[in-house]
Amino acid sequence: MLEVTIVIALIALLSALFFGALNRFGEQIQNETQIKNELNDWFVVRANLWRELDEADSIHVTNNQATIYFGKTQTLYKIMDNRLIRVINETEMDLKLEMNAIQLEETKGRQYIAFKVNWKDDEMVLRYPVRSTVANNVNHYFSQQLWQ
């Protein structure tokens, strides 16, 4: 009788260890899947944003919003309730990213559009260089009086 009790106790202990490990493994898979989904969402937003900024005819940045003009299409990125919203033809889409700011920055004489993303309680800055045009170069030349 004692042997049966010991065998049952050992089987219960081994079962508890096995199912505990299996449960922990399931939690790790769930966390990994969640992180991969967040990264995939981020990569999609970044790729679309980069493509639109790169193809833009002009870009206008004011008050935590960037308006991108391409042909007759106008795309607006704005911050609403600390989230990045994309508006095309009055259709709003929540991009599921926490945003701190959208602003123009100047570093070493170059202008950048800075998208400040709140990522895992840390600020990450995504900067896009604003391409200079011939008009900007001529205006800079005359405003800085570089001919002298």
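Glu52 is buried, at a relative accessible area of 8%, where buried means under 20% relative accessible area, exposed over 50% and partly exposed in between (1.4 Å probe, protein chains only). The model is predicted, so local features need pLDDT of at least 70 and side-chain atom pairs count only at pLDDT 80 or more, while totals for chains, interfaces and linings use all residues. Residues are numbered from 1 along each chain as its sequence is written, and side-chain values use heavy atoms, with hydrogens and water left out.

Glu52 lies in helix H1; helices (H or I, at least four residues) and strands (E, at least two) are DSSP runs, numbered from the N terminus. Not counting residues up to four places away in sequence, Glu52 touches Ile68, Thr75, Tyr77, Arg86 and Ile88, contact meaning heavy atoms within 4.5 Å. With Arg86, Glu52 forms a salt bridge whose closest N and O atoms are 2.2 Å apart. A salt bridge is a side-chain nitrogen of Lys or Arg within 4 Å of a carboxyl oxygen of Asp or Glu. This pair links distant parts of the chain, with Glu52 in helix H1 and Arg86 in strand E4 (residues 83–88), 34 residues apart. Arg86 is buried at 13% relative accessibility.

The structure holds 9 salt bridges. Another of them joins the side chains of Glu38 and Lys120, at 2.4 Å from N to O. Glu38 lies in helix H1 and Lys120 in the loop between E6 and strand E7 (122–129), so this pair ties together parts that are 82 residues apart in sequence. Glu38 is partly exposed at 25%, whereas Lys120 is exposed at 55% relative accessibility. Lys120 also lies over the face of Trp119, 5.9 Å from the ring centre; a charge sits over a ring if NZ of Lys or CZ of Arg is within 6 Å of the ring centre and within 35 degrees of the ring normal.

Rings of Phe, Tyr and Trp (its six-membered ring) pair if their centres lie within 6.5 Å; planes under 30 degrees apart count as stacked, over 60 as edge-to-face and the rest as tilted. The count by this rule is 4 aromatic pairs. In one of them, the ring centres of Trp42 and Trp119 are 6.0 Å apart and the planes stand at 45 degrees, so the pair is tilted. Trp42 belongs to helix H1 (residues 2–55) and Trp119 to strand E6 (residues 110–119), so parts 77 residues apart in sequence are tied together. Trp42 is buried at 8% relative accessibility, and Trp119 is partly exposed at 22%. Tyr77 and Phe115 form an edge-to-face pair, 6.5 Å centre to centre with 80 degrees between the planes. Tyr77 is in strand E3 (residues 73–80) and Phe115 in strand E6, so the pair ties together parts 38 residues apart in sequence. Tyr77 is buried at 1%, and Phe115 is buried at 1%.

Strand E6 also holds Ala114, which is buried at 0% relative accessibility. Leaving aside neighbours within four places in sequence, the contacts of Ala114 include Gln103, Glu105, Val125 and Arg127. Glu105 in turn meets Lys116 in a salt bridge between side chains (3.5 Å, N to O). Lys116 lies in strand E6 and Glu105 in strand E5 (residues 91–107), so the bridge ties together parts 11 residues apart in sequence. Lys116 and Glu105 are buried. Salt bridges that share partners join Glu105, Lys116 and Arg127 into one network.
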